[in-house]
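Here's a quick briefing to read with the model open in your viewer. Take it topic by topic and click along as you go.

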2 protein chains.
Amino acid sequence: MAKKRLNQTQFALLGLLETEPGTGYDLKRRIGESIAHFWQEGWGQIYPTLKQLEVENLVRRSVMKSGKRELQVYRITRLGRAHLTAWLASPVSPEVPRNELLLKLFFGGQLDRIQEHVAVYRKEQERLLSNYISLESQLRRKAAAHPQLPFWLITLNYGRHRVQALIRWCEETQKTLDTLEWNREGTHGIASAR
Amino acid sequence: MAKKRLNQTQFALLGLLETEPGTGYDLKRRIGESIAHFWQEGWGQIYPTLKQLEVENLVRRSVMKSGKRELQVYRITRLGRAHLTAWLASPVSPEVPRNELLLKLFFGGQLDRIQEHVAVYRKEQERLLSNYISLESQLRRKAAAHPQLPFWLITLNYGRHRVQALIRWCEETQKTLDTLEWNREGTHGIASAR
DNA sequence: TTCCCAATATATCTTAGAGATATATTGGGA
DNA sequence: TCCCAATATATCTCTAAGATATATTGGGAA
């Protein structure tokens, strides 16, 4: 008996529908507004998964007419809620590491290109950091009394700790790479006035 | 003209073959010994990708007989080397975040289960940390003079910074969750002597 | 008023990748 | 001699990333 690999998109959508019913488009929008900093879904997952969830009776679909347009509104069922709860309590599956930047660093190549990769990466982490900070103050204002607020802050805090560490790594790495560049030039006897 | 999405496995294998020719099995072993802490490949990628690389003339295959067994040894070609170099210099594609632990935290659920998730996660990060530390001292001993050593240390350093930050996040989070538990019990008037 | 565009809404297609599994050989130790 | 772990190659399924097609709707500019 093969252990069924779990479709995480299912549970992400169930979790979102638990808060409030909505259309596929709506769910995508809500992902962007709430969990995008650690979870993303594309159209290619959302619409087929909703259909699949309906077949399994984990969600129910109701069609809302608005002019010529038919909105497919999904809401979670009792069974869906049960599945969600079970999943929330189940062990977190380990993450598989795959870091393109590190792969390129490991293989070496042209030093100046590597330095550029690190610089771009650092900029991106700094962008993320300021993003987390503004999201946090926004949350504290808009949802100050929300019972789930502590959990939301915890997820933001994760991002903050992570990117701060990565920024420090970038700083260290940039110093190391500068030193290497220096030594290499020294070795080759190239005096470059900069 | 659609931008061809890049098959990262290709370049990972080319990078490994650049150092030294080898069989698919050999490459898997070398991944485990060198880059597994930030990059992994399964059989399902390795063997088909090697065949594909051969078709594209990026690697050349030679069959070595050893008794009844035929070893498929692959070595990188001049063209393959050119592709690899171009890839090493090309921009790093952004990482798509997908963190199951944070998703479960965000959706809330039973507090004790969340606490267990965090505890397990913390243990895993601590395991990784001690792993990085021993790998580093091992590297410094075995490859002290290797020209690529600084780059290898940089990748290990990335892991160390990352997991140290995540361990600190776990500590903070555990405190926060404990406080929440306390408050909840207080609210419900449950006096639990522990 | 009409035209255009951005936002809303649903859907599908291809490729990459994760993970499991099948199968055969080989070398060394009980 | 037998067995098992390591070596070696290969395939299959499902999940997910990303791009794209298509139609509607509401609001602002010409």
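Predicted model: local features only at pLDDT ≥ 70, side-chain atom pairs only at ≥ 80, totals over all residues.

In short, chain A has seven helices and two strands, 52 of its residues are in contact with 52 residues of chain B, and DNA strand C and DNA strand D each have 25 residues around them.

**Chain A as a whole**

- Reading along the sequence of chain A, you get the pattern α-α-α-β-β-α-α-α-α.
- Chain A has a radius of gyration of 23 Å, whereas a compact globule of 194 residues would come in near 16 Å.
- Along the principal axes, the C-alpha trace of chain A spans about 75 × 50 × 40 Å.
- Buried residues account for 29% of the 194 residues in chain A.
- Take the contacts in chain A between residues at least 6 apart in sequence: 59% of them join residues at least 24 apart.

**Where chain A meets chain B**

- On each side, 52 residues are involved: 52 from chain A are in contact with 52 from chain B.
- On the chain A side, H1, H4 (78-89), H5 (100-107), H6 (111-142) and H7 (149-188) each supply at least two residues.
- H7(A) gives the most to that side, with 18 residues.
- By class, the side of chain A that touches chain B has 27 nonpolar, 18 polar and seven charged residues.

**The nonpolar core**

- In soluble globular proteins, nonpolar side chains tend to be buried together.
- Here, the largest nonpolar core has 76 residues.
- Which members of that core touch the most other members? They are Leu13(A), Phe106(A), Leu13(B) and Phe106(B).

**Around DNA strand C**

- Of the 25 residues around DNA strand C, the ones that come nearest are Thr23(A), Trp43(A), Gly44(B), Gly67(B) and Lys68(B).
- H2 (24-34), H3 and S2 (69-76) of chain A, together with H1 and H3 of chain B, each supply at least two residues of this surface.
- H3(A) has the largest share of the surface near DNA strand C, at four residues.

**Around DNA strand D**

- For DNA strand D, Gly44(A), Gly67(A), Lys68(A), Trp43(B) and Gly44(B) come nearest out of 25 residues.
- Elements giving two or more residues to this surface are H1 (8-19) and H3 (43-55) of chain A, plus H2, H3 and S2 of chain B.
- Four residues come from H3(B), which gives the most to the surface near DNA strand D.
- Sorted by class, the surface near DNA strand D has eight nonpolar, eleven polar and six charged residues.

**Helix H2 of chain B**

- H2(B) covers residues 24-34, with Gly24(B), Leu27(B) and Lys28(B) buried.
- Looking down the axis of H2(B), the buried residues fall within an arc of 100 degrees, so they line one face of the helix.
- Arg29(B) and Glu33(B) sit on the other side of H2(B) and are exposed.
- The buried residues of H2(B) pack against H1 (8-19), H3 (43-55) and S2 (69-76) of chain B.

**Backbone and loop details**

- Most residues other than glycine have a negative phi.
- Asn57(A) has a positive phi of about 60 degrees although it is not a glycine, and it is found in the loop between H3 and S1 (59-66) of chain A.
- Asn57(A) counts as exposed because it has 12 C-beta neighbours inside 10 Å.
- In chain B, Asn57(B) has a positive phi near 65 degrees and lies in the loop between H3 and S1 (59-66).
- Asn57(B) also has 12 C-beta neighbours inside 10 Å, so it counts as exposed.
- Ala144(B) is in the loop between H6 (111-142) and H7 (149-188) of chain B.
- With 8 other C-beta atoms within 10 Å, Ala144(B) is exposed.
- From C-alpha to C-alpha, Ala144(B) and Arg60(B) are 32 Å apart in space, and they are 84 residues apart in sequence.

Key: Residues numbered from 1 in each chain as written. Chains lettered and ligands numbered in written order. Buried ≥ 20, exposed ≤ 12 C-beta atoms within 10 Å, placed from the backbone. Arc of directions from axis to C-beta. Contact = placed C-beta atoms within 7 Å. Near = placed C-beta within 6 Å. Nonpolar A, V, L, I, M, F, W, Y, C, P; charged D, E, K, R; others polar. Core = buried A, V, L, I, M, F, W, Y, C linked by C-beta atoms within 7 Å. Rg over C-alpha atoms; globule rule 2.2 N^0.38 Å.
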